[in-house]
Every structure is written in C-alpha cells, then in structure tokens.
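Let's take a friendly walk through this structure together. Keep the sequence and the 3D view at hand as you read.

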Amino acid sequence: KTEAGAKHERCSPIETSVKMKSKDVSGLEFVAFRRPSKLALIGRVNASVEHLRSIKVELSTAANPSNILQTADLLIGDYFEFPALSRDTYLLKPVASLDSRAYKLSNTPTKVVLEDGYDAVVLPFSADPRNSGEAVPTTSFGVLVFIVFGAIAAFNRKDIIDALKGQGSKPQVQGAEADLSGFLPDSMKNMAQGKKKQ
C-alpha cells in the first residue's frame with residue numbers, strides 16, 4: 001500500500017486476488033517503484049535560433065521570486081535542466097545577455113508546480129530590435145560651407161569688421177575671403193576651390 005509521504009510511489013500489479021485455502025499462498029510477486037525525494041525540472045526555451053546562445057534560465061521559488069536559487073545554461077539547442085529539486089512551486093525566467101537598448105525583450109516568468117508526473121515546461125522568449133528612428137538627412141556641400149563660414153564669421157566678427165572698414169568695396173570682399181580662408185582646414189579649402197572652378 002502506498003500513501004502520501006511514503007517511500008514507494010506505486011507498485012505493479014496494483015493488487016492481486018487470493019483465494020485462501022488450507023495452505024499458505026506463496027509465489028506472489030510485486031514490483032515496487034520507489035518515490036524519489038528529489039525531482040528534475042526540465043524544459044525548453046521557445047526562442048529564435050540566433051538568440052539561444054545568449055540565453056540562460058533563472059530558477060526561484062514562487063514564494064520568494066527575488067532570490068535566484070540556480071541558473072542553468074541551455075544544453076542541447078533550446079533544452080535546459082535543473083536536477084534534484086524538492087517538490088515546490090517555482091518560477092522560471094529566461095534571461096539574455098542582449099543589449100536592452102538595441103532589443104525589446106519579452107521574458108515573462110513561468111510558474112511551475114513541481115510534483116510527480118509533471119510535463120516538461122516551455123518558456124516563451126522574444127527579442128525584437130528597437131526602432132532606430134529616421135535616418136539623419138545628408139547635408140549638401142553648399143549648406144556645409146555656409147555653416148562653416150557662418151561659425152567662423154561669428155567667432156571672428158571683430159577682426160572681420162575691422163578688415164572691412166579699412167578697405168574699399170571691392171577689396172573688402174576679397175579681403176574677407178582671404179581672412180576667412182586662413183581659418184579653414186586645407187581639405188575644406190580644396191573643396192571650396194573645386195566648387196568655384198565648376
């Protein structure tokens with residue numbers, strides 16, 4: 001006879017009918033299956049193949065979810081196992097080493113009641129790339145030159161005004177261009193000269 005908390009889980013056959021006679025009955029055979037004190041919790045993670053290598057599974061009790069008892073790597077493909085656990089209610093959560101700034105992770109914990117005869121659990125997991133936003137429009141060469149000249153003029157406005165006051169109308173522009181060109185890097189000078197020739 002097996003009861004809750006007994007060392008034996010079940011036996012085969014479950015029962016045998018015996019008709020008592022004048023002699024003792026012998027030769028009855030029963031196979032008893034021992035009730036294990038510890039169980040293995042097994043399952044798989046339902047995730048994209050490219051993310052499996054970065055995933056681990058965290059184990060905690062439902063009564064204390066913030067206390068991580070064990071962490072298991074994925075063994076073969078998406079399979080994991082926690083051996084030798086006591087009968088209890090657990091939470092399983094797949095976690096990944098993916099950058100949360102680049103991926104939106106969905107890995108809600110799954111509750112598992114670990115008892116005799118439970119089925120393997122399947123944990124959901126997804127990692128969706130986050131939207132990078134609209135691309136910054138490319139700035140044309142003319143706008144770039146205008147911005148550079150504007151910045152230089154604002155920074156050196158006093159020197160430019162003094163140079164313009166001491167020269168005539170025509171030479172003023174040439175003088176300003178000469179002064180401004182002194183502040184430009186050689187690469188910008190070459191680009192500007194190339195545009196003028198065109």
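Strand β4 and strand β5 (residues 70–73) pair in the antiparallel sense over 4 bridges. Strands here, like helices, are DSSP runs numbered from the N terminus, with at least two residues (E) for a strand and at least four (H or I) for a helix; two strands pair if DSSP finds at least two bridges between them. Within this pairing, L59 stands opposite Q70 in β5. This is a predicted model, in which local features need pLDDT of at least 70, side-chain atom pairs count only at pLDDT 80 or more, and totals for chains, interfaces and linings use all residues. Residues are numbered from 1 along each chain as its sequence is written, and side-chain values use heavy atoms, with hydrogens and water left out.

β4 also has a partner in strand β7 (residues 88–96): 7 bridges join the two, which run antiparallel. In that pairing, K56 has V95 of β7 as its bridge partner. How enclosed is β4 by the rest of the structure? Largely, because 5 of the 7 residues of β4 (residues 55–61) are buried. Buried means under 20% relative accessible area, exposed means over 50%, and partly exposed lies in between (1.4 Å probe, protein chains only).

A salt bridge is a side-chain nitrogen of Lys or Arg within 4 Å of a carboxyl oxygen of Asp or Glu. K56 lies in β4 and D73 in β5, so the pair ties together parts that are 17 residues apart in sequence. K56 is partly exposed at 41% relative accessibility, and D73 is partly exposed at 44%.

Now turn to another sheet. This open sheet has 3 strands in the order β6-β3-β10, with mixed pairing. At its edges stand β6 (79–85) and β10 (121–124), each with a single partner strand, so one side of each is left without a neighbour in the sheet. Neighbouring strands of this sheet are turned by 30° against each other on average, direction ignored; the axes are lines fitted to C-alpha atoms, for helices over the stretch in contact, and angles run from 0 to 180 degrees between N-to-C directions. Strand β3 (residues 39–46) and β6 pair in the antiparallel sense over 5 bridges, and L41 stands opposite F82 in β6.

R44 is partly exposed at 35% relative accessibility, as is D78 at 21%. In total, the salt bridge count comes to 4, and another one of them joins the side chains of D99 and R101 (3.2 Å, N to O).

D119 sits in the loop between β9 (110–114) and β10 and is exposed, with a relative accessible area of 65%. The C-alpha atoms of D119 and G43 are 8.5 Å apart, although 76 residues separate them along the chain. M20 lies in the loop between β1 (8–12) and β2 (31–34) and is exposed too, at 59% relative accessible area.

Finally, the overall picture: the protein has 4 helices and 11 strands, and buried residues make up 21% of its 198 residues.
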